[in-house]
Amino acid sequence: MAVFQDRIGENWILAMTVGGVELVRNCVTTSDGKPVDILAIIDKGNFGALKKDVRALIDTVFIFCREQALERFDEARFDQEHELEYSISSHIRNFSRSQKMQYWFASRIDGATLERMTDAFIEALLDFTPGQTRKKALALIYEKEEMLARANAEEVCVQAEILAEETRASLQKQIKEAARQEAKRLRELG
């Protein structure tokens, strides 16, 4: 069972069901307008596309956590907490209860929560995947994606270190030149 903790410290259980998978396919679209098809993600082992589309990932996870959200969401409290926003914009005021609940859920996700939620999503996806062989293959694909991401991050760090060294050398050269010019100016003065 996959669990993640939101920024407030509440735990959310993320368990995929066939009904939830179907609801995601019918209700959630990616930023390019395509439906999120969890079965296709499983078949292709392509976690990366959904991980990069944060809004679609949050909407997808919300569907699997919606029953918990229904139990926890307090619309009157939400309206009270967002009263200032209502006075500035009618946008949120005109939300349906379901839209308010989705907004409330998404507002509980910060950067650290997003990472925990993504890990829980992958765990739930692997738990949902039938057959041990397929689970092992998907886990391997996910591991390779993570290795590639780490390798890319390491490459960025190496490039940053090279740039820092070049910048340091350039600054030292500029400092030496400025000191040389100041010494020359002081000799000329006297």
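**Salt bridges, surface patches and a buried threonine**

Gln172 is found in helix H10. Helices here are DSSP runs of H or I with at least four residues, strands are runs of E with at least two, and both are numbered from the N terminus. The model is predicted: local features need pLDDT of at least 70, side-chain atom pairs count only at pLDDT 80 or more, and totals for chains, interfaces and linings use all residues. Residues are numbered from 1 along each chain as its sequence is written, and side-chain values use heavy atoms, with hydrogens and water left out.

Gln172 counts as partly exposed, at 47% relative accessibility. Buried means under 20% relative accessible area, exposed means over 50%, and partly exposed lies in between (1.4 Å probe, protein chains only). The C-alpha atoms of Gln172 and Ala151 are separated by 31 Å. Along the chain, these two residues are 21 residues apart.

Helix H10 spans residues 132–189. A salt bridge is a side-chain nitrogen of Lys or Arg within 4 Å of a carboxyl oxygen of Asp or Glu. Arg180 pairs with Glu177, at 2.4 Å from N to O. Arg180 is partly exposed, at 46% relative accessible area. Glu177 is also partly exposed, at 31%. Glu182 and Arg185 form another salt bridge, at 2.6 Å from N to O. Glu182 has a relative accessible area of 34% and is partly exposed. Arg185 is partly exposed at 41%.

By the salt-bridge rule, the count comes to 10. One of them joins Arg72 and Glu10, with the closest N and O atoms 3.4 Å apart. Arg72 lies in helix H4 (residues 54–72) and Glu10 in the loop between strand E1 (2–5) and strand E2 (11–14), so the pair ties together parts that are 62 residues apart in sequence. Arg72 is partly exposed, with 29% relative accessibility. Glu10 is likewise partly exposed, at 29%. Both residues belong to a network of salt bridges that also includes Asp6 and Arg108.

Thr113 lies in helix H9. This residue is buried, with a relative accessible area of 0%.

Asp119 is partly exposed, at 38% relative accessibility. Together with Glu115, Glu123 and Asp127, Asp119 forms a negative surface patch. Patches are made of residues with over 30% relative accessible area and no salt bridge; like charges are joined within 9 Å, and nonpolar side chains (Val, Leu, Ile, Met, Phe, Trp, Tyr) within 5 Å. Lys and Arg count as positive, Asp and Glu as negative, while His and the chain ends are not counted. The place of a charge is taken as NZ of Lys, CZ of Arg, CG of Asp or CD of Glu.

A nonpolar surface patch is formed by Met1, Val3 and Ile13. Their accessible area together is about 300 Å², by the Shrake-Rupley method with a 1.4 Å probe; for residues, only the protein chains shown count as cover. Met1 lies in the segment before E1. At 68% relative accessibility, Met1 counts as exposed.
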